[in-house]
Amino acid sequence: MTFSTLIPTFVETLFSTVRDVFPIVCIIFGFQFAVLRQPIANLRRIIFGFVYVLIGLSLFLMGLELALFPLGESMAIQLTTPEFLFGEGETMPLVVEWHHYYWVYVFAAAIGFSTTVAEPSLIAVAIKASQVSGGAISVNGLRFSVALGVAIGISLGCYRIVAGDAIHYYIITGYVFVVIQTYYAPKFIVPLAYDSGGVTTSTVTVPLVTALGLGLASTVPGRSPLIDGFGLIAFASLFPMITVMGYAQITARLAKRQQAQQE
């Protein structure tokens with residue numbers, strides 16, 4: 001994309017973003033003036049904030065189309081070519097075993113971990129959780145435990161695409177494990193763990209993970225991008241619940257052991 005086409009694309013995206021954000025603005029200001037009947041404090045600051053949001057969202061959406069989506073798809077395609085899997089000059093065999101795609105699983109885990117650690121919504125939740133708990137919940141501990149869950153989930157989801165298994169068996173088994181773990185996990189971490197499964201699937205993680213799943217399903221023989229390509233986001237939402245509750249269980253057990261040693 002050249003600079004001459006970049007400006008019209010940005011303007012078009014900006015107008016689309018304004019149209020999408022406009023109902024939110026109407027609801028907020030409508031409730032403020034019609035229901036609460038109170039003036040808005042720091043109105044100029046809020047207006048500037050909305051302008052920054054519109055510009056930022058527009059640039060982010062352009063970045064998705066120009067970089068993140070093509071990058072995820074190209075990486076999936078390159079990692080599943082016969083030349084990469086079996087060597088130069090080789091063709092794809094009729095039966096491909098799941099272990100031939102081990103680099104896909106490694107890439108999925110790495111991209112899932114790194115994008116989750118950089119997820120703005122997760123950072124915000126981790127900071128608030130640390131403040132509310134008085135430091136009992138570590139910001140980095142929560143971020144890394146969620147990122148580990150996303151890494152495991154996306155890697156397992158890629159294995160499901162390669163193996164061609166039905167997604168509901170994985171999801172049902174995972175949620176049964178979550179329900180059992182909820183009974184044994186410290187009570188203060190359970191709501192936060194459930195929220196952590198939602199905040200991971202946000203602005204940074206979703207585009208790359210979706211592109212990875214679609215690209216993988218498009219290149220693996222016998223897979224449908226519509227049926228098999230989607231579903232990775234469900235894995236990315238499920239497994240952070242397990243790892244966050246596991247993180248709390250481990251830290252609680254270590255704290256009890258340390259307290260027992262001091263006594």
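Lys-187 sits over the face of Tyr-183, 5.8 Å from the ring centre; a charge counts as over a ring when NZ of Lys or CZ of Arg is within 6 Å of the ring centre and within 35 degrees of the ring normal. This is a predicted model, where local features need pLDDT of at least 70, side-chain atom pairs count only at pLDDT 80 or more, and totals for chains, interfaces and linings use all residues. Residues are numbered from 1 along each chain as its sequence is written, and side-chain values use heavy atoms, with hydrogens and water left out.

Rings of Phe, Tyr and Trp (its six-membered ring) pair if their centres lie within 6.5 Å, and planes under 30 degrees apart count as stacked, over 60 as edge-to-face and the rest as tilted. Here are two of the pairs:

| Pair | Centre distance | Plane angle | Type |
|---|---|---|---|
| Tyr-102 and Trp-103 | 5.6 Å | 35° | tilted |
| Phe-113 and Phe-144 | 6.1 Å | 10° | stacked |

The Phe pair links distant parts of the chain, with Phe-113 in helix α4 and Phe-144 in helix α6, 31 residues apart. Helices (H or I, at least four residues) and strands (E, at least two) are DSSP runs, numbered from the N terminus.

Now for helix α5. Its buried residues are Leu-122, Ala-126, Ala-129 and Ser-130, while Lys-128, Gln-131 and Val-132 are exposed on the other side. Buried means under 20% relative accessible area, exposed over 50%, partly exposed in between (1.4 Å probe, protein chains only). Just after α5, Gly-134 takes a positive phi of about 70°.
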